[in-house]
Amino acid sequence: MKNKYLKNVCTLKFYSDKCVGCGRCIEVCPHKVFNLNEGKVELINKDGCMECGACAKNCAFNAIEVKSGVGCAYAVIKGWLLGTEPTCDCSGDNSNGCC
Amino acid sequence: MDNNNGCNSGNKLQKNAKVKIVRIKPKVTGNSTFTECESTISSCYCGSKTNKPITKYDIDQKWIIGEISTPAGMVPKIATKLTLADMWGTCKVRFGVNRMNYKINPGIYAVGTPNNNSPVLVTANYKLTFDALRKELGGLNVWIMVLDTKGVNVWCAAGKGTFGTKELLNRILKVKLFQIVSHKTLILPQLGAPGINAYDVTKKSGFKVVYGPVRAEDINEFLKAGMRATEEMREIRFNIVDRVVLTPVEFISTFKIAMLVFGIMFLINLFAVNPFGVVDFYAFIGALLVGCVLTPILLTWIPVRAFAAKGWILGLIWAVTVNILNGWPAMPEYGLLKTVAYLLILPSIAAYYAMNFTGSSTYTSFSGVIKEMKIAVPAIAISIGFGVVLLLTNSFIHI
């Protein structure tokens with residue numbers, strides 16, 4: 001069975017006018033969010049996006065935007081309490097690692 | 001697992017018997033810099049510059065089975081079979097033991113007998129990650145370039161930028177990769193992509209980045225196919241086995257808070273009219289298990305999408321079960337207040353820990369997590385708050 005998360009929340013934006021169809025985003029996406037159709041990339045599964053940011057980071061033409069972040073509840077709560085961006089403790093000496 | 005001490009020594013003997021070192025080097029231990037020859041071995045090459053190790057490594061490590069010489073210096077050759085000691089290490093970190101400090105030295109390593117045309121695989125310096133990669137490389141001749149991710153896996157390190165463009169460029173220079181290989185291609189794990197700007201890497205180092213498969217188990221096939229990944233290799237999974245191995249750490253991480261809760265219960269018992277007892281103990285531990293273990297395992301089959309809701313549903317079933325075990329539908333022996341308190345508290349505890357599992361999942365988006373938390377966190381807090389008031393009332397007042 002396929003894992004599915006909340007719908008219509010993803011911040012992924014794809015500007016097809018800037019896309020040159022290099023296919024790098026398809027190469028890096030772990031959830032088949034994009035598809036290459038006749039030399040043009042199309043967004044086919046926006047709700048499958050987990051906002052990891054790999055596509056945007058690797059797009060040389062700024063055709064993709066996404067707000068990526070640590071999707072870890074513990075980190076988010078800490079961020080809310082301290083008024084900072086959520087940060088994950090995974091690499092610190094804190095044993096409360098999340099990922 | 002119990003006899004790991006015995007296993008360790010056994011491995012060493014077996015290893016010594018098998019290993020043929022390509023060239024014998026004086027050992028370099030831990031973080032000490034390689035300055036002079038502490039030679040207990042007959043042939044010593046310390047004098048010549050090219051025979052120095054490129055980066056630090058400890059030849060005494062069981063997984064280093066020799067060394068090979070390159071124009072840039074010596075490179076440790078690593079085993080592609082995991083020993084019991086490696087597996088014991090994996091087992092320990094899966095249970096949260098030494099998990100934040102399970103790392104190897106960054107640098108360059110050799111698998112088989114690679115030459116200047118052999119592929120270069122890039123990975124993180126979390127030993128669990130390194131082991132997962134090398135055990136798939138039997139029969140191959142490749143270089144492994146290990147980035148300094150502070151002992152964190154590729155995916156998490158990429159998310160926070162330590163598996164990143166800067167470290168990659170820095171590592172290429174440090175290991176003198178251009179002297180070791182004559183080609184200009186790096187194979188990176190696909191899950192490292194969130195931290196790497198491939199165009200930038202090429203622009204600044206001349207090395208072209210190819211993203212390999214998500215899972216190390218596909219690397220052999222990927223190389224055979226001429227560095228081409230199938231659609232399936234590109235897709236991340238989160239099946240039951242992937243989830244089960246994550247649950248021990250989730251559960252063990254609750255021990256501190258569990259001890260705190262039990263401590264408070266103990267203190268209250270000193271004054272309480274109706275003291276807490278064994279039912280409270282197993283009800284609470286059960287709720288933790290439902291949130292940290294059962295919900296992650298049954299994740300796919302619970303027919304709602306928000307993780308907190310998944311945990312709440314199973315937690316409610318648990319709360320009802322506890323009440324049934326103690327007398328429902330007749331009034332449980334611990335009275336109405338506690339019966340209601342369990343229905344408020346236990347599902348909320350499970351919901352909280354299930355929600356935390358979003359951080360371990362491989363398909364939840366940041367925006368989605370925020371959306372569910374904006375509803376779940378206040379609801380959990382209020383529900384637990386009311387439940388605790390009821391419990392305290394029950395403890396101190398005779399009804």
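Reader: Before we start, how are residues, chains and ligands labelled?
Author: Residues are numbered from 1 along each chain as its sequence is written, while chains are lettered from A and ligands numbered from 1 in the order in which they are written. As this is a predicted model, local features need pLDDT of at least 70 and side-chain atom pairs count only at pLDDT 80 or more, whereas totals for chains, interfaces and linings use all residues.

Reader: What is the secondary structure of chain A?
Author: Chain A has three helices and four strands. Helices (H or I, at least four residues) and strands (E, at least two) are DSSP runs, numbered from the N terminus. The order of elements from the N terminus is β-α-β-β-α-β-α.

Reader: And how many helices and strands does chain B have?
Author: Chain B contains 16 helices and seven strands.

Reader: Where do the two chains meet, and how many residues are in contact?
Author: There, 44 residues of chain B are in contact with 43 residues of chain A. Contact requires that the C-beta atoms of two residues, placed from the backbone, lie within 7 Å. On the chain B side, the elements giving two or more residues are helix 4 (154-160), helix 7, helix 15 (335-356) and helix 16 (366-396).

Reader: Which of those helices gives the largest share?
Author: Helix 16 of chain B does, with nine residues.

Reader: What classes of residue are on that side of chain B?
Author: It has 21 nonpolar, 15 polar and eight charged residues. Here Ala, Val, Leu, Ile, Met, Phe, Trp, Tyr, Cys and Pro count as nonpolar, Asp, Glu, Lys and Arg as charged, and the others, Gly among them, as polar.

Reader: Let us go inside. Which residues have the most contacts in the largest nonpolar core?
Author: They are B:Val120, B:Val122 and B:Met145, in a core of 78 residues. A nonpolar core is a set of buried Ala, Val, Leu, Ile, Met, Phe, Trp, Tyr and Cys residues joined through C-beta atoms within 7 Å. Beyond four places in sequence, B:Val120 touches B:Trp143, B:Met145, B:Leu177, B:Val181, B:Leu186 and B:Ile187. Another core, of 41 residues, lies apart from it and includes B:Ala306 and B:Leu390.

Reader: Why is strand 3 of chain B largely enclosed?
Author: Strand 3 (residues 107-111) of chain B has five of its five residues buried, so the rest of the structure largely encloses it. Strand 3 pairs with strand 5 (residues 142-147) of chain B in the antiparallel sense over five bridges; pairing calls for at least two DSSP bridges between two strands. In this pairing, B:Ile108 stands opposite B:Met145.

Reader: What about B:Tyr109: buried or exposed?
Author: B:Tyr109 counts as buried, because it has 25 C-beta neighbours inside 10 Å. This residue lies in strand 3 of chain B. B:Tyr109 and B:Lys77 are 32 residues apart in sequence, yet their C-alpha atoms are 5.9 Å apart.

Reader: How do strands 6 and 7 of chain B run?
Author: Strand 6 (residues 185-188) and strand 7 of chain B run parallel and are joined by four bridges. The chain passes from strand 6 through helix 7 (residues 198-205) to strand 7 in a right-handed β-α-β crossover. Right-handed means that, with the strands pointing away from the viewer, the path from the first strand over the helix to the second runs clockwise.

Reader: Which face of strand 7 is covered?
Author: The covered face of strand 7 (residues 208-211) of chain B holds B:Val209 and B:Tyr211, and the uncovered one B:Lys208 and B:Val210.

Reader: Where is the cis peptide bond?
Author: The cis peptide bond joins B:Trp328 and B:Pro329, with omega about 5 degrees. B:Pro329 is in the loop between helix 14 (307-325) and helix 15 of chain B.

Reader: What is the phi of A:Glu38?
Author: A:Glu38 has a phi near 50 degrees, a positive value in a residue other than glycine. Most residues other than glycine have a negative phi. A:Glu38 sits in the loop between strand 2 (34-37) and strand 3 (40-43) of chain A, and counts as exposed with 6 C-beta neighbours inside 10 Å.

Note on methods. A residue is buried if 20 or more other C-beta atoms lie within 10 Å of its own, exposed if 12 or fewer, and partly exposed in between; C-beta atoms are placed from the backbone.
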